[in-house]
Amino acid sequence: MGNFHNILKEALRSNDPLLAAEAARLIGEWNGKSLVPDLIENALSSRFYSKVSAIYALVALLAVEAVPGLEKLLNAPNVPDDFYWTGYKGVRAAAAVALLQFGSDAGVAYLQELAEAGDCVFSRWYAPALLRLKPVPELQPYLTLEKLCSLEERNAFDEVPYTDAGQLCMLCEALGLINDPAAVESLEFYMNFHSRYVRGQAYRSLHLRQADEATARRICANAERHGTDFERLVAAEIRQDSAILLEVARQAPLAFDRASALDALVRISSPHLAEACLVGLEDGDTHVRQCAVEGLARSKHPAARNHLAGLLDKETESRVRCAIAATMLQKEETPC
Amino acid sequence: MLKLGTATAIITPTEWEQVTMNGMPRLIPNQGVLDDLQADVFVLQDGGNTVVICTLDQVFVTHDDQSNIEARLKLRLPGAHLIICSTHNHSSTAIPFGQKSEQAEANCAAAREIMYQGFSTALNQALQDMREVEVAARRIPLPMQLGLNRRGKLSNGGCTQAWGAGPLIPPGHKCVGKSGGDATWIDVLAFREPGATEPHALLSSYPSHIHLYEVPLFTGEVAGGARMSMRQRHPGIHLMYSIGIAGDVAQQFAHPIPVDDEPSRIAWQKEKTAAFGAAFSQVLSDSLQGLRYSSVDMIQYACHHEPGKRQEECLLVQSLRLGPHALCSLPGEMFIEWDGHLRRDMSCETLLPMTYNCSNLGYIPTQLGFEEGSYEAMRGPVEKMVPEETAGQKGSPNTGEIIVEKARKQLASLFGR
């Protein structure tokens, strides 16, 4: 157990911002409560914007002892002030949203300030999270279809449309949650956007709003028409079609698609999950192996624990080692 | 036999009242000079052809810069070809701070004149230093991390910028990794006098942005650090620093700024710049022993210049053959993946790409890059996909393919394949 702790602790302190963020996420997702002090330390002392993952993990672990630290981060996020980008504001917003989740409205004024400024930190990156919370009266006027979509009007720069697909994926996620039936119309527009990832999120959100057979059929037809593996796997998840997901997990040329298919198999609780993950563990891509580790651990496969324990000795990639450590740690910490 | 002359000129502006620097916004006007900006000039001549290669510590070479410098070159060497690229230095190009004023405009105009004059001075010096040379080239693998891909890919497939201090990850998502490759090599062309043990001139191409932090001071950024360190290590070698294909690679990813007050940030910038310079020059220095030189009789040159919708959106691709080696001048901000496309079934033995010529088409993502988004891909794609209508436009999904195709055709023609 000490070894598992050390792997995650070391990763949290890593000077690789992605590794540290992944360690934090894994601790949160795999219930690593014994590492709460390390998460708090990371959230307060790290200078990476990606430390927001530690904040999310503290919320996931219901670590109320983190509240004083979050209040501090709200005004002094201890990251470089990239005033014209999103990092500094994003860490403050993460603290504000986390405080709301702990029942404190200390960060509402800051979120309102961001919303009033039409800042994408509010209307894109944090809108879905806010829409999942119990409505906050002060923020509701900014979480409307009209307000969230208004950034799209900023498309006159250099006569080239402003179409950041990364942000529009977040918008589509919000459109699936917003309490306005007219959001369907926007989602239908994004179902034919130039980006497969925006289209994929539009499918998920549309299905969240209208989980009927006709919508599912329409999504599948659209995904087939565009023909990307990513859309096929999203449509297959909606139809709970393990066969297509297994095929993508094994054969897709893009590693991201293979990994996403494994994640989808987890979400639909596929009986073929363990089988796909055992193949994924041999993949040359780090992210695929990491998803395979987490998938195998969730599969309830009787040999999963022994298999994962054995993997730790031969796996050299820190991210995958963190995934193994987090899943093993949970198994040791969770009472039978 | 091939001849080479090299020279350097300082092009730091001397007046900076009410001035800031183009590329990254500063909250206060320029406060002075941290270290000098530089123009480097290499003049290559065979029996009948002259090609002048110039790098400038500027954020971009504008169309006006190109025309102005070309006019000066033609006065001195009427038939010469000019390859001019910026180092994409974000602490260099003077622009008015806040509202334009006469003083600010005058200072900015003076800064440009210093740059043009610097080119002329360096050109004249280089022409007085022409020596017969042999050429070697190679791609040197980097044993350490310097420039890293700065786009973080999220679990929903979208990307977010990861400069400054890593990516901002939205709730409910994870960052699955970097979206593209890192800058794990330096391309180098080396020139030595026949029989000499060491080169006296190096042209390097490293595929990464060169800025760390937006200091309110003129500075050569990490390019200046590399040149300075190389001068200290090998006083007899002139290093010309250029940027490879690196639109999505930066220095900042791995270097969160450790402190918040301005003096400490400036000190940090100096320290990091020196560290980069030391690492970079060490790698170059270590590679000098293994170079295989050959004599080159002839320079071959090809150029494709296509007007754009606007002047700065022209499409300029130039290629140069030096024996078995090639150099390409390309627009800036192409994603690093394009380097691999350019080298597929390469007709030359080695290829050194120099980017940030006067063709300013903005960021040039791959098709997948547009679909992933992030800052670099936030503008586009334009709706029309007809190559001739979009070749010179920002945000075209096929711009990268068009540029690579032009360069590959030039190389195939120069190498007779």
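Predicted model: local features only at pLDDT ≥ 70, side-chain atom pairs only at ≥ 80, totals over all residues.
1. The five-stranded sheet of chain B. In chain B, 5 strands form an open sheet with mixed pairing, in the order β17-β15-β14-β9-β19. The edges are held by β17 and β19 (294–295), each with a single partner strand, so one side of each is left without a neighbour in the sheet.

2. Strand β9 (residues 134–141) of chain B pairs with β14(B) in the antiparallel sense over 8 bridges. One residue to look for here is B:Ile140, whose bridge partner in β14(B) is B:Ile186. On to the next pair: strand β14 (residues 185–192) of chain B and β15(B) are antiparallel over 5 bridges, and B:Phe191 has B:Ala201 of β15(B) as its bridge partner. The pairing of β15(B) with strand β17 (residues 238–243) of chain B is parallel, over 6 bridges. There, B:Tyr206 is bridged to B:Ile243 of β17(B).

3. Strand β15 of chain B. Strand β15(B) spans residues 201–206 and is mostly covered, with 6 of its 6 residues buried. In a regular strand the side chains alternate between the two faces of the sheet. In β15(B), B:Ala201, B:Leu203 and B:Ser205 point one way, while B:Leu202, B:Ser204 and B:Tyr206 point the other way. The residues of both sets are all buried.

4. The helix across the sheet. Helix α4 (residues 262–287) of chain B lies across β9, β14 and β15 of chain B. Relative to β14(B), this helix runs at about 55°.

5. The three-stranded sheet of chain B. A further open sheet in chain B has 3 strands in the order β12-β11-β13, with antiparallel pairing. Its edge strands are β12 and β13 of chain B, each of which pairs on one side only. On average, neighbouring strands of this sheet are turned by 35° against each other, direction ignored. Between β11(B) and β13(B) there are 3 bridges in the antiparallel sense, and B:Leu154 has B:Cys175 in β13(B) as its bridge partner.

6. Where the chains meet. Chain B gives 40 residues to the contact and chain A gives 51 residues. On the chain B side, β11 (151–154), β12 (159–161), β13 (175–178) and α6 (367–372) each supply at least two residues. By class, the side of chain B that touches chain A has 19 nonpolar, 14 polar and 7 charged residues.

7. Residue A:Arg47. Is A:Arg47 buried or exposed? A:Arg47 is buried, because 20 other C-beta atoms lie within 10 Å and the cut-off for a buried residue is 20 or more. A:Arg47 is found in the loop between α3 (36–45) and α4 of chain A. Leaving aside neighbours within four places in sequence, A:Arg47 is in contact with A:Asn78, A:Val79 and A:Pro80, and with B:Ala165, B:Pro256 and B:Pro258 of chain B. The C-alpha atoms of A:Arg47 and A:Ala221, which are 174 residues apart along the chain, are separated by 46 Å.

8. Helix α2 of chain A. Helix α2(A) has 13 residues and reaches 18 Å from its first C-alpha to its last, close to the 18 Å expected at 1.5 Å a residue. Of the 13 residues, 12 are buried, so α2(A) is largely enclosed by the rest of the structure. Charged side chains are found among the buried residues, including A:Glu22 and A:Arg25. Just after α2(A), A:Asn31 takes a positive phi of about 60°.

9. Packing of α2 on α4 in chain A. Helix α2 (residues 17–29) and helix α4 (residues 52–60) of chain A pack at an angle of about 5°, with their axes 8 Å apart. The two helices are therefore roughly parallel to each other. From α2(A), the contact uses A:Ala21, A:Ala24, A:Arg25, A:Ile27, A:Gly28 and A:Glu29; from α4(A), A:Ser53, A:Ala54, A:Tyr56, A:Ala57 and A:Ala60. By class, this contact has 7 nonpolar, 2 polar and 2 charged residues.

10. Packing of α15 on α17 in chain A. The axes of helix α15 (residues 229–239) and helix α17 (residues 255–267) of chain A come within 10 Å and cross at roughly 5°. That makes α15(A) roughly parallel to α17(A). In α15(A), A:Asp229, A:Phe230, A:Leu233, A:Ala236 and A:Glu237 meet A:Asp257, A:Ser260, A:Ala261, A:Ala264 and A:Arg267 in α17(A). The contact has 5 nonpolar, 1 polar and 4 charged residues by class.

Methods:
Residues numbered from 1 in each chain as written. Chains lettered and ligands numbered in written order. Helix = DSSP H or I, 4+ residues; strand = E, 2+ residues; numbered from the N terminus. Pairing = 2+ DSSP bridges. Axes fitted to C-alpha atoms, helices over the stretch in contact; angles between N-to-C directions. Parallel < 35°, antiparallel > 145°, perpendicular 65-115°, else oblique. Contact = placed C-beta atoms within 7 Å. Expected span 1.5 Å × (residues − 1).
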